[in-house]
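Have the sequence and the 3D view ready, and follow along residue by residue.

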Amino acid sequence: MSQYFSRGANSIARITIFALVVALCSVLWLGYLIVRSPYEMMQNEPREQPVPFSHEHHVGGLGIDCRYCHTTVEDSSFANIPATKICMNCHSQMWATSPMLEPVRESYRTGKSIEWTRVNDLPEFVYFDHSIHVHHGIGCTTCHGRVDKMPLTWQAAPLTMEWCLNCHRHPERYVRPLDQVFSMDYAPPPDQIAFGKRLVREYHIQSLTSCSTCHR
Amino acid sequence: MRISSLAIAVPLLLLTVSCRQDMQDQPKYKPLGANRFFADGRDARPIPAGTIARDELNDTDSFHTGEANGTFLDTIPLKVDSKLLHRGQERFDIYCSPCHGRTGDGNGMVAQRGVKIPADFHTDRLREVPPGYIYKVIKNGYGAMGDYGDQIPVNDRWAIVAYVRALQLSRDATLDEVPPDQRSQLSEERQPQPGAAR
């Protein structure tokens, strides 16, 4: 009686099973990569806004401080988006007839909010707090990039959990002096790690990695 | 059997990947969130008339209005020390310098682009005005200048007033008024830039 399968069939069967497992894993892995790719996270993608507000002009060109508009960033979890009134401090006189600014004037007349498109948007099961980061020497540019070079605002960091944890595990790599937090062109010194370790001690920075820090 | 249950479980597991939206966008109210339930379309609700927020009960006293019995306060109702002045400097640079310039002579970046040239702080009239007057300008605005009451809390307003006073004094200060140990430093720094300061 001849055998239906040759001896080689045994290894083919093994390889097939193995390949199936590999294929399944790579599909899952691929999915994981896609879900957290810069494209899915909408990183580096300038967002359309009802008014083409440019940080490049206002921050880079005019040198206005972040806190002139984002007034609550030092005291609260939420970095305020400026009220229409704040735009009107200047634009009641400047570019006061520009059609580009019509939505601002309309909002001021009617009291209806301008509906800005959100740029940085964490899932709502994550708790984030600006004030604690600002008071522990983490600069705006570390998380938002060179805002002063953005004609329209985009999201500069991946905002994945991995990204948050990377800094929470090694704050000494990113921390800067408190008076440089709002500075746009701060460059870390060459001995950042040693310098950072000193600041971490000075500002009493802990490494916060327990789940309940961010998921509460 | 194993294989077939896997064949069912794996697609089911994959389905859960798309089921997170409820947690991602929860139906809760967030600061500046949009809301279709209310007519004005906002999550944030207006404060009911007559509500008094903490710290705002006394907003008719002179600390909050800059006035007492109908005249402007002629002193700063906080202890003026270097801490207050540094705070004032920081806040002035954030909120006032875009128009008034870092030294208060009215040539800030925005003024150069076309806002009405604001008042120079170093005129006799503005040197004479009482602190309460400057406080009032910050709180309520003045002429073409909008009010900054919403952006700047009460203590910071007084800190800015103190710093404006310091700016004004610095223009007329003589070398004798500088502490002796810092004089040499000043004259060194002044040499290369004649005419930069009066």
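Start with Tyr68(A): setting aside neighbours within four places in sequence, this residue is in contact with Ile86(A) and Asn89(A) in its own chain, plus Ile94(B), Tyr95(B), Pro98(B), Tyr148(B) and Gln151(B) across in chain B. Contact here means heavy atoms within 4.5 Å.

A quick word on the ground rules. This is a predicted model, where local features need pLDDT of at least 70 and side-chain atom pairs count only at pLDDT 80 or more, while totals for chains, interfaces and linings use all residues. Residues are numbered from 1 along each chain as its sequence is written, chains are lettered from A and ligands numbered from 1 in the order in which they are written, and side-chain values use heavy atoms, leaving out hydrogens and water.

Tyr68(A) also turns up in the largest nonpolar core, a set of 36 residues, as one of those with the most contacts inside it. A nonpolar core is a set of buried Ala, Val, Leu, Ile, Met, Phe, Trp, Tyr and Cys residues joined through side-chain atoms within 4.5 Å; buried means under 20% relative accessible area, exposed over 50%, and partly exposed in between (1.4 Å probe, protein chains only). H9(B) gives this core its largest share, 9 residues. Helices (H or I, at least four residues) and strands (E, at least two) are DSSP runs, numbered from the N terminus. There's a second, separate core too, with 11 residues, including Val134(A) and Val181(A).

How many residues of each chain are in contact with the other chain? It's 24 from chain A and 27 from chain B. The two chains bury about 2500 Å² between them, 57% of it on carbon and sulfur atoms. That buried area is the accessible area (1.4 Å probe) lost on putting two parts together, summed over both. In chain A, Tyr68(A), Gln93(A) and Glu124(A) lose the most area to chain B, together 26% of what that side buries.

Two side-chain pairings are worth a look:

| Pair | Type | Distance |
|---|---|---|
| Lys85(A) and Asp147(B) | salt bridge | 4.0 Å, N to O |
| Thr153(A) and His55(A) | polar contact | 3.3 Å |

A salt bridge is a side-chain nitrogen of Lys or Arg within 4 Å of a carboxyl oxygen of Asp or Glu. A polar contact is a pair of N or O atoms within 3.5 Å; within protein, one must be able to donate a hydrogen and the other to accept it, and residues adjacent in sequence count only if both atoms are side-chain atoms.

Finally, Thr153(A) sits in the loop between helix H7 (140-144) and helix H8 (161-169) of chain A, and is buried at 16% relative accessible area.
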